[in-house]
Amino acid sequence: MLNAVADAIDAHAEMLAVTESCENGKPVRETLAADIPLAADHFRYFAAAIRAEETTITEVDKDLVAYHFREPLGVVGQIIPFNFPLLMAAWKLAPAFAAGNCSVLKPASPTPWSILKLAEVIGDLLPPGVLNIVNGAGGEIGKALAANPRIAKVAFTGETVTGRLIMQYAAQNLIPVTLELGGKSPNIFFRDVMAASDDFLDKAVEGLVLYAFNKGEVCTCPSRALIQQDIYEDFMDRALARIAMIRQGNPLDTETMIGPQVSAQQLAKVSSYVDIGRAEGAEVLIGGQRAEIGGEFAGGYFYQPTVLKGHNKMRVFQEEIFGPVLAVTTFRDEADAIEIANDTLYGLGAGVWTRDGSRAFRVGRAIKAGRVWTNCYHQYPAGAAFGGYKISGIGRETHKMMLEHYSQTKNLLVSYSTKPLGFF
Amino acid sequence: MPASNATPAPRPAAAHRSGRASAADPGGRQPARISATPAARQAIRRLRAARGGALMFVQSAGCCAGSVPMCFPAGEYLTGGNDLMLGTIEGCPFYIDARIYQSWDDAELILDVAPGDPEGFSLGAGPGEHFVLRASACPLPGT
């Protein structure tokens, strides 16, 4: 069934990619190259993982054997965000289905449609009742789902207050939750990235500019760039030149690199944060205002890719903006970089860029985040665990360990002895 | 709901951010004053009348729908020792996580309403409207 779902997604990849672009505003070059192929691959990964799953048998003594089976939880509630509607659905649904559960899925209020197009494509491949999609206002439907005593587990991606509410409701029903609640991910560039003018330097510059990926509406947006003091000017010159070349416009044009924010609210929030940054004393290195695209996109929710230079105590360094806004600062040495990187409430993602393998390992282990991209960023392969430290959440996705979040262990403790215990 | 959240438990982060007084430090600066625009007050009165009960506000953070005030029926959201009550508006308390509040400098915060549906599990401010929080120094552009 999971492989059939993956095949159906592949067969309708272009339609789903265009739908997803229309739904969210993200450029179709991203949905064609990332969102949709990754969604299909996710179902294949969990199809393989569950096929290969083995459990354990413990020979407690010569006549007593403990058999362990994984059993599904039942009906799970899954609440997904607006930034990757189809990919986040795949991240949640594939492990839930693989482990044998049914899902009641609540899409984000701003993005109710693309998931329904996916359901048109895969609906007939699933037994009735396995996938249930409920659209509507979170205030009514979200709570009704999260607090429903017939739901066996809730998985949520979103912000912290809703995350806490979901834990509250889960406490009342004594059910487990997994949460992914965002981040303020540091992206650290050590001086040796500038040791040569080569492909690696080019890759590192692109690694900084990836803050604008999906118009910054990514939980792991590398929204804090930490650059070693003595390369700051040279490295930022290259990065700003690359940022100035970002093409913004019609999301359905395959040359477009960045589309509009998902909603007027998000646009207002991004603008407001840039103003807060200015008021805090941050310097605007590029961008800093709404982008006027004109033509049929006049008045669209476009915001210019923006870079703010400041220091890590500023709100624009501490709070998730969820827009194409990078906060950049400098560090002296490795210890300073680690201290700044960890001076945040969050711990979802991080990036480390260096030609020194030992340093890459040391710094990666020292950063308190669930995913440290090392000499890369924004790659999301199935098979690499993803999830948060600190207030960024509980649990891991995109790895077979997720099957444990969607199942429980049945132990059959079997005696092969015919003798009584002798107590009575 | 706790009557007061003014003295959260000590946290290592508070000492670490020594360059800035913590909202939670007993000896630190006073929390920001919170007020509301006439539109926000009217929305609260309407919601209270329609629902027949009191409300509460909690400032959110993090991914997606973060950074907006969420509005719930009073008592819906369990506050704890790390939640700071900034004040009340029309009798409704406004909370923020003290750890998030540490990097806020604003002396005055203003609850307002803006177009767009509410986020998360929040109640809306009215048809097609949601609550927003503005710093007095930084009004939201275009609204």
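How many residues of chain A are in contact with how many residues of chain B? It's 40 residues of chain A against 38 of chain B, with contact meaning that C-beta atoms, placed from the backbone, lie within 7 Å. This is a predicted model, where local features need pLDDT of at least 70, side-chain atom pairs count only at pLDDT 80 or more, and totals for chains, interfaces and linings use all residues. Residues are numbered from 1 along each chain as its sequence is written, while chains are lettered from A and ligands numbered from 1 in the order in which they are written.

**The A side of the interface**
- Two or more residues each come from α6 (138–146), α7 (160–173), α10 (264–280) and α11 (315–318) of chain A; helices are DSSP runs of H or I, at least four residues, and strands runs of E, at least two, numbered from the N terminus.
- α10(A) gives the most, with 10 residues.

**Helix pair in chain A**
- The axes of α2 (residues 13–24) and α3 (residues 28–51) of chain A come within 9 Å and cross at roughly 120 degrees; axes are lines fitted to C-alpha atoms over the stretch in contact, and angles run from 0 to 180 degrees between N-to-C directions.
- The contact includes A:Leu16 and A:Glu20 of α2(A), along with A:Leu32 and A:Asp35 of α3(A).

**Chain B**
- Chain B has three helices and seven strands, running α-β-α-β-β-β-β-α-β-β from the N terminus on.
- Of its 143 residues, 45% count as buried, that is, with 20 or more other C-beta atoms within 10 Å of their own.
- Among contacts in chain B with a separation of 6 or more, 56% join residues 24 or more positions apart.

Key
Two residues are in contact if their C-beta atoms, placed from the backbone, lie within 7 Å. A residue is buried if 20 or more other C-beta atoms lie within 10 Å of its own, exposed if 12 or fewer, and partly exposed in between; C-beta atoms are placed from the backbone.
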